Amino acid sequence: MQDNKKSSQKSGFDFRSITKTKGFSAFTAALLAIALGLIFGLIVMTLANPSKAMAGFRYVLVGGFSRFGDVLYFATPILMTGLAVGFAFKMGLFNIGASGQYTMGMFFALYVGFMVELPAGLHWIVAILAGMIGGMIWGFIPGIFKALLNVNEVITSIMFNYIGMYLVDMWVQGNATMYIASKSRTNYLPSTVQIPSLGVQGSNVNLGIIFAILIAVTLFIVLQKTTFGYELKATGYNKYAADYAGMKGKRNVVVTMIIAGGLAGLGGAFAILAPSAIAGSSMTYEPINIIAANGFNGIAVALLGSSNPIGIIFSAIFISHIQRGGSLANLVGFKPEIIDVVIAVIIYFSAFAMIMNSALAKFVKSKFGKKVEMANANAEPTTTNKEAK
Amino acid sequence: MENYIVEMLNITKEFPGIIANDNITLNLKKGEVHALLGENGAGKSTLMSVLFGLYQAEKGEIRKNGEVVKINNPNDANALGIGMVHQHFKLVEIFTVLENIILGVEPNKMGFIEKKEAKKKVIELSEKYGLAINPDALIENISVGMQQRVEILKMLYRENEILIFDEPTAVLTPQEIKELLKIMRGFAEEGKSILFITHKLNEIMEVADRCTVLRKGKYIGTVDVKTTTKEELSRMMVGRDISFSVDKEISKPGEVVLSVNNITVASKLHKNNAVKGVTFDVRAGEIVCLAGIEGNGQTEFVAALTGLEKMTEGSIRLCGKDITKSSIRERSISGMSHIPEDRHKHGLVLEYSLEENMVLQRYWESKFQNKGFIKFDAVREYSEGLIKQFDVRSGQGPITVVRSMSGGNQQKAIIAREIDKKHELLVAVQPTRGLDVGAIEYIHKQLVATRDAGKGVLLVSLELEEVMNVSDRILVMYEGEIVGELDPKTTTVQELGLYMSGAKRNTVKETNHAG
């Protein structure tokens, strides 16, 4: 048994060692949550419209594949807000203010788009960076409140969702260059500030999704490989031990919130700077006093992805996928709201997915793995496994 | 054929991945104090939980007065006259003593509680057995010792005749322990049967009639306490010889390593200061022990010393350098190592692997990181070295998640980390709390080795035996002050106890020049 383990670690592949990792259990938990959520969704659809349920459900499941470009396009902002929530959560902070940071980032990007003239190749890049800075500012404020005055970040960031949204609406409406009062939306952005499209026919998918995925991978590396990630996770797991080890908890809280805000701000920038498939137009913002839903969807994405940046990539794409499928279910007469119900159920299940996961693990163990586990447990006092290199 | 009141025959209880009780038999005679001895994780508490109905055994049977009984829950146990004082008391903090005692068996008339009668009965019981309590006090306001008396009264109120005590002395002062052992003896003489779970051999020798020893879930044997010795018992418990006295040479104190002057710390619980002008020195090559009963300011003092909390007054010098205002990291770099009181709260990140915990104080050193990226190879190599050197046992070596390790090995990991780190002063706060004799012996050896390597050691301990055996100098702390300095070679446990309980104090120079 022990020899087995050693050699497998050397060769680098062993199914058992994979199934034991935390990432794997989070992954199975998410799959289980999704499966249960989908079954529940099917039941809801059957209750709503029995004769069309299967057709509608098929759209939900596979409809997204026919519009993969759109799936990626709509995944971009929620991937970013998901990272904003998940990254802060790694430190034990519940950044519920992704919406405000997202809106702020969007405004900063809009401002650069309308009010600053720059060469074509540079304009959209500067606008994206401006969006990031806008989000950073909106993340910094709850962070500094938390660090210096120990004000709960949930409360401040909820408040800053409202403050941010109303401020932006006010600024937009007060700016004649940006705002067309008769259409109660912003003007079309100049094409120089739109992010280059990836050229998928009939879709707005653009470089933003590439950036978002690269950012997620970068965050993964930061969390796994750097001393900053080490401190951040240590603080999230046990802030007393982090204090004891001399980590600068307050500084790290502020830095984490700035990064999280910047991520959500980038999400806002990616959303508003996306190119439009219709020539001469662009994305627009409507200042109608509603908090950006993409911020809250980020919480769902982060939860489903277990706050793991790589997991968040997939959960964002998945949620976008069933959202697209859901809007297609419209074709057979289902309201898109039904999809929101299904997504809500998936999130609901993923919230206690870990419990289900351990129950499942118990079941599997009792069926197959009893002897193995027993040997492991008993090996504890006698083996130190020194060679596990 | 002997007459047993309770027989637990061939009990086997499994948990996922581990057999907690493997074919264990325990027979309890009427009117005896029966000790149940074993290391941490030997299965003592599991066995008692089976008897008390908290767990159901997979195999084996329980007999009461020769008849097979089925105990499915604590109510069944209660109906059979079995009561238990848990290690962590099961009391409702915001209820009064009386309300806690009658909880679950409230005498009532048409749904209204009849407290008067209950109170009379409780007072009678408390007088009869010398268990002083105030029935109207709130649990949250009374001392741990009194809370334990409430737990005992709970059993007596329910007229239990089989009383289980799960490590009852861990939270008590020496005087209180003595009192409790006397009370237990009294119960036995009255015909009640006592099961006494412990890993303190002295208490067994003092109070028990017979002793059953468990080791790693297996039954080792039952011995008559009169005909056995401490050494014999400990050999049965750990499977090898254990030395009780700590082998050490006479200390050769060198230069002053730590010098604290007039340290004052505000309390978080009340308006008074938790630490009041504490002044003392620790020299290189000596173990200074800060003794005292829990809650007399030791925790707050250590927090101020190590930088976890701010102090309101005073100064600290470490190796001649003023560190009064230094951060935790700066203190650590200046040569302070700290084995914290609560290893789960402060000492470890339980979700991290063993190797990640091994570098918790040092991950930022250039040895372990390059431009902000952790050198995982170096971390692995370093922690493997420590694991080998300090014999830290775990399921998967450096990649074991620390939460899955036993308490003793978690503590060993912390000790390895803190001792291997460059340091001149080791602050060890209750380093052996909750550990078994094997681990305690090991940790004491490490403390002495640290001293012999010319470091200063400040040991904060509640365990009298530890205080007497390990330290070179004892400072007793009572209500936030140092009330006495004692020499372990000339003082006695009784005298130490008097200082700890505030009954005696001397005005040594240490306390004089504090003001």
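## Helix packing in chain B

In this predicted model, the axes of α14(B) and helix α15 (residues 437–452) of chain B cross at roughly 5 degrees and come within 11 Å. Because angles under 35 degrees count as roughly parallel, α14(B) is roughly parallel to α15(B).

On the side of α14(B), the contact involves B:Q411, B:K412, B:I415 and B:I419, which meet B:Y442, B:I443, B:Q446 and B:T450 in α15(B). Sorted by class, the contact of α14(B) with α15(B) has four nonpolar, three polar and one charged residues.

## Helix packing in chain A

Chain A contains 16 helices and two strands. Of its 389 residues, 50% count as buried. Among contacts in chain A between residues at least 6 apart in sequence, 79% join residues at least 24 apart.

A helix pair in this chain is formed by helix α5 (residues 68–90) and α12(A), whose axes lie 8 Å apart and pack at an angle of about 170 degrees. Since angles over 145 degrees count as roughly antiparallel, α5(A) is roughly antiparallel to α12(A). From α5(A), the contact is made by A:Y73, A:T76, A:P77, A:M80, A:T81, A:L83, A:A84, A:F87 and A:A88. The residues contributed by α12(A) are A:T256, A:M257, A:I259, A:A260, A:L263, A:A264, A:L266, A:G267, A:F270 and A:A271. The residues of the contact of α5(A) with α12(A) divide into 15 nonpolar, four polar and no charged.

## Aromatic pairs and clusters

Over all chains, the count of aromatic pairs comes to 14. One of them is formed by A:F211 and A:F270, with ring centres 6.2 Å apart and planes at 20 degrees, so the pair is stacked. This pair links distant parts of the chain: A:F211 belongs to helix α9 (residues 207–225) of chain A and A:F270 to helix α12 (residues 249–272) of chain A, 59 residues apart. A:F211 is partly exposed, with a relative accessible area of 28%, whereas A:F270 is buried, with a relative accessible area of 3%. A:F270 also takes part in the contact of α5(A) with α12(A).

For A:Y230 and B:Y363, the ring centres are 4.8 Å apart and the planes stand at 40 degrees, so the pair is tilted. A:Y230 lies in helix α10 (residues 227–237) of chain A, and B:Y363 in the loop between α12 (354–358) and β19 (369–370) of chain B, so the pair joins two chains. A:Y230 counts as buried at 4% relative accessibility, and B:Y363 is buried with a relative accessible area of 1%. Elsewhere, A:F107, A:F108, A:Y111 and A:W171 form one aromatic cluster.

## Charges over rings

Two cases in chain A place a charged end over an aromatic ring. The charged end of A:R324 sits over the ring of A:F74, 3.7 Å from its centre. The charged end of A:K239 sits over the ring of A:Y240, at 4.9 Å from the ring centre.

## Selected residues of chain B

B:I177 is found in helix α6 (residues 174–189) of chain B. At 15% relative accessibility, B:I177 counts as buried, because the cut-off is under 20%. Not counting residues up to four places away in sequence, B:I177 touches B:T169, B:L172 and B:E203. B:I177 and B:K375 are 198 residues apart in sequence and 51 Å apart in space, C-alpha to C-alpha.

B:V207 is found in helix α7 (residues 201–207) of chain B and is buried, with a relative accessible area of 2%. With residues up to four places away in sequence not counted, B:V207 touches B:V33, B:L181, B:M184, B:R185 and B:F196. From C-alpha to C-alpha, B:V207 and B:L348 are 38 Å apart in space, and 141 residues apart in sequence. B:I399 is found in the loop between α13 (376–390) and α14 (407–420) of chain B. At 33% relative accessibility, B:I399 counts as partly exposed. B:I399 and B:K345 are 54 residues apart in sequence and 21 Å apart in space, C-alpha to C-alpha.

Conventions: Residues numbered from 1 in each chain as written. Chains lettered and ligands numbered in written order. Predicted model: local features only at pLDDT ≥ 70, side-chain atom pairs only at ≥ 80, totals over all residues. Heavy atoms only, no water. Phe/Tyr/Trp six-rings, centres within 6.5 Å; stacked < 30°, edge-to-face > 60°. Helix = DSSP H or I, 4+ residues; strand = E, 2+ residues; numbered from the N terminus. Buried < 20%, exposed > 50% of the residue type's maximum accessible area, 1.4 Å probe, protein only. Lys NZ or Arg CZ within 6 Å of the ring centre and 35° of its normal. Axes fitted to C-alpha atoms, helices over the stretch in contact; angles between N-to-C directions. Parallel < 35°, antiparallel > 145°, perpendicular 65-115°, else oblique. Contact = heavy atoms within 4.5 Å. Nonpolar A, V, L, I, M, F, W, Y, C, P; charged D, E, K, R; others polar.
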